Amino acid sequence: MRTIQVVALDLFDANGYTAVTVDQIAEAAGVSPSSVYRYFGTKERLVLHDEYDPQLFGLLADADGDLADILSAMRQGIVHITRAWSAKDEADVRRRMGYILTEPDVFSAMLRDQSEFEGALRGMLAPRISTTSTQHAGLVHYMVASTLVGGLTSTLYYWAESGYTHCLADLLDEAMGGVIRSVEALVR
C-alpha cells in the first residue's frame, strides 16, 4: 500500500492531482486498478491513507485507567509516533498535507474521515468519562472527542501553513497539553 501511495504522490506531483487516473497509478505501481481500489477504495484515499491512526487506537486500547490516563497515553503516543518518522515519512506527510489543503475532493474526504475518527474516539473514551452532569453526559462525550480531534487537526494545519518550519512532534506535544487541560475542564 505504501508503494502504491508513493507512486501516486509522485504522479500527482509531476502531473497534478486531477490529471492522474487510478489506471495510471496502477500501471506505474505495477498492480491492477482493482488492487488500487481494493486497498484504497478511492483516489482521495490514496492521499489520506496512513498507518498512524490504527497505531494510535492500538495505544489507546492498551491504556489502562481513567480519562486522564488515556489522554496522557494519547499525547505520549502521538508524540512518539511522530518522532519515529524517518525524513522520508515526514516528507510524504508534507506532500499529503499539500493535497489535503489544496484539492477540494481530498479535503472533503478528509472531513468525512475526521468525523469517523471522532466517532471512534468518542466510543473509546465515553466509558471512561465521568462527569457531574448526568442530564447531558452524551454532550460531554461529543465535546471531548471533538476537542481532541480539533486540536490535532488545528496543529496539522498550523504546521502546514507555517511552512513546516516547526518540529511537528513538539507542536503536537504542546497542543495536546492545551487540549488535555480543556478536556479536563469539560468533565469537571
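At what angle do helix α5 and helix α6 pack, and how far apart are their axes? In this predicted model, local features need pLDDT of at least 70 and side-chain atom pairs pLDDT 80 or more, while totals for chains, interfaces and linings use all residues. Residues are numbered from 1 along each chain as its sequence is written, and side-chain values use heavy atoms, with hydrogens and water left out.

Helix α5 (residues 52–62) packs against α6 (residues 67–83) at about 145°, with the axes 9 Å apart. Axes here are lines fitted to C-alpha atoms over the stretch in contact, and angles run from 0 to 180 degrees between N-to-C directions; helices are DSSP runs of H or I with at least four residues, numbered from the N terminus. On the α5 side, the contact (heavy atoms within 4.5 Å) includes Tyr-52 and Leu-56, and on the α6 side Ile-70 and Met-74.

Now for the rings. The whole structure holds 6 aromatic pairs, counted for Phe, Tyr and Trp (its six-membered ring) when centres lie within 6.5 Å; planes under 30 degrees apart are stacked, over 60 edge-to-face and the rest tilted. Tyr-17 and Tyr-99 sit 6.2 Å apart with planes at 40°, so this pair is tilted.

Since Tyr-52 is in α5 and Trp-85 in the loop between α6 and α7, the pair ties together parts 33 residues apart in sequence.

Notes
Helix = DSSP H or I, 4+ residues; strand = E, 2+ residues; numbered from the N terminus.
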